[in-house]
Amino acid sequence: IEGIIKELQKYDIKLVDYVDVNPEIIKLAKQSLNDVEKKRVRLIEKDPVRFLRENNKKYDVVLINLPKPSTIQLNRYYTQDFFHLLKQNLNTDAVISLSVSSSGNYMSDEARKFLSILYKTISTEFNNILILPVSDDFLIASDHTLSYNITQRIDSLEISTEYVNSNYFDRELLAFRGKQINEQIDLSVSLNKNLSPVFYQSQIELWMSQFNIKYWIPAVIILIFSGFFFFKADIIYKGVFAAGFAGTTIEIILILVFQVVFGYVYAVVGIFVMLFMGGLALGAYYVPKFFDQDNNIRLFKKLQFSIAVFAFVLPLIFLVFKSLQMPDIILFIVFILLISVISVLAGGIFSVASRILNNTYENIASKTYGLDLLGAATGALLFTIYLIPLLGFGWSVAVIGLFNLVIALSAAK
């Protein structure tokens, strides 16, 4: 659609595999190809990660043409896991190319960190990386020796290009700027991984810096606002806050992990939300009935401990997802069970807390439900913007477990 295929036809190419998860893009691409191009191009409607896992061919060149990693789904294509998988699908000395927003002639601290994370992550799989600072910063990687003599090579082959030629690119200036950027790369940054999406966090930080907003300011505002109501509340209300915090946050984390493992969540996110809301209702209605003979305070502590244990076990389950390739149906069933468990526990705590407090309907609808929603909102904001990118999925869930464990121990006194 962007004219890439037409440009590729200028070179001696046997076959092009174009992979895109969006069916509408594939449909438009079919309409734009002529008969000659259709013989050389295979249009594949599939998530690129899933395609690479199932692929049995080797490639000489891979062009990664994707948006910035503004979501955790897009972050998957800039991770060490992805580049390792991609390397397994390449011939010896194959070349890959990708681009990110240009850092210009001056790199801010945020831009430097952003580019450094990507550079270091790619370098775990490829020996040589070339940075081409043009309209975007293009990164070309290979185990073969790379050179800035790109336009000279194109001219020698007598290939006609509109922009990539000696009239448009000054080889010495391009090499100078590329090496200048290369010297500013900080290899002490963390690697970007599927379960530790630091590149996604760096993209948020870079975007916020363009508006002169410090990355931590929203977090401080959230903590002050939520903390004011949380510390004023007694221990049972704090437990409701913690349950809302854990329930919504773990739901979001499970959806994001499913997206990382499966590839996309478009078809199932509605099902997962429906299951979570249904689980809340079931927990609120049936948990007090099932444990009717139990002391409400004791039951409250048991439920809070159960959330903590569940949160501590989840990172181990994530490691299983990472190491094993499960059939789609098994994966789907496991996530349904995990979402059902946390939703029933969170719903049960709300109902039991309402019994303990013995409030009027007005107080239940305002204070109890209000703190439950405040906990949910606080967790959703803090974890998606801060804790998940900084700590990864595993440690983020452990923080939830620790928080609920503290509440449970406080309730036990």
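Modeller: The crossing of α14 and α15 is left-handed, meaning that the near helix is turned anticlockwise from the far one by less than a right angle; clockwise would be right-handed. This is a predicted model, in which local features need pLDDT of at least 70 and side-chain atom pairs count only at pLDDT 80 or more, while totals for chains, interfaces and linings use all residues. Residues are numbered from 1 along each chain as its sequence is written, and side-chain values use heavy atoms, with hydrogens and water left out.

Helix α14 covers residues 296-323 and helix α15 residues 328-357; their axes come within 9 Å and cross at roughly 160°. Helices are DSSP runs of H or I with at least four residues, strands are runs of E with at least two, and both are numbered from the N terminus. Axes are lines fitted to C-alpha atoms, for helices over the stretch in contact, with angles from 0 to 180 degrees between N-to-C directions. The crossing angle therefore makes α14 roughly antiparallel to α15, a term for angles over 145 degrees. The residues of this contact divide into 21 nonpolar, four polar and one charged. Here Ala, Val, Leu, Ile, Met, Phe, Trp, Tyr, Cys and Pro count as nonpolar, Asp, Glu, Lys and Arg as charged, and the others, Gly among them, as polar.

Of its 62 residues, I253, F318 and F393 touch the most other members.

Not counting residues up to four places away in sequence, F393 touches both I253 and F318, along with I72, N194, L195, P197, L256, V257, V260 and I388; a contact means heavy atoms within 4.5 Å. A second, separate core has 38 residues, including L85, A94, L98 and I181.

Buried residues make up 46% of its 413 residues, and its C-alpha trace spans about 85 × 45 × 35 Å along the principal axes.

Definitions and conventions: Angles under 35 degrees count as roughly parallel, over 145 as roughly antiparallel, 65 to 115 as roughly perpendicular and the rest as oblique. A nonpolar core is a set of buried Ala, Val, Leu, Ile, Met, Phe, Trp, Tyr and Cys residues joined through side-chain atoms within 4.5 Å. Buried means under 20% relative accessible area, exposed over 50%, partly exposed in between (1.4 Å probe, protein chains only).
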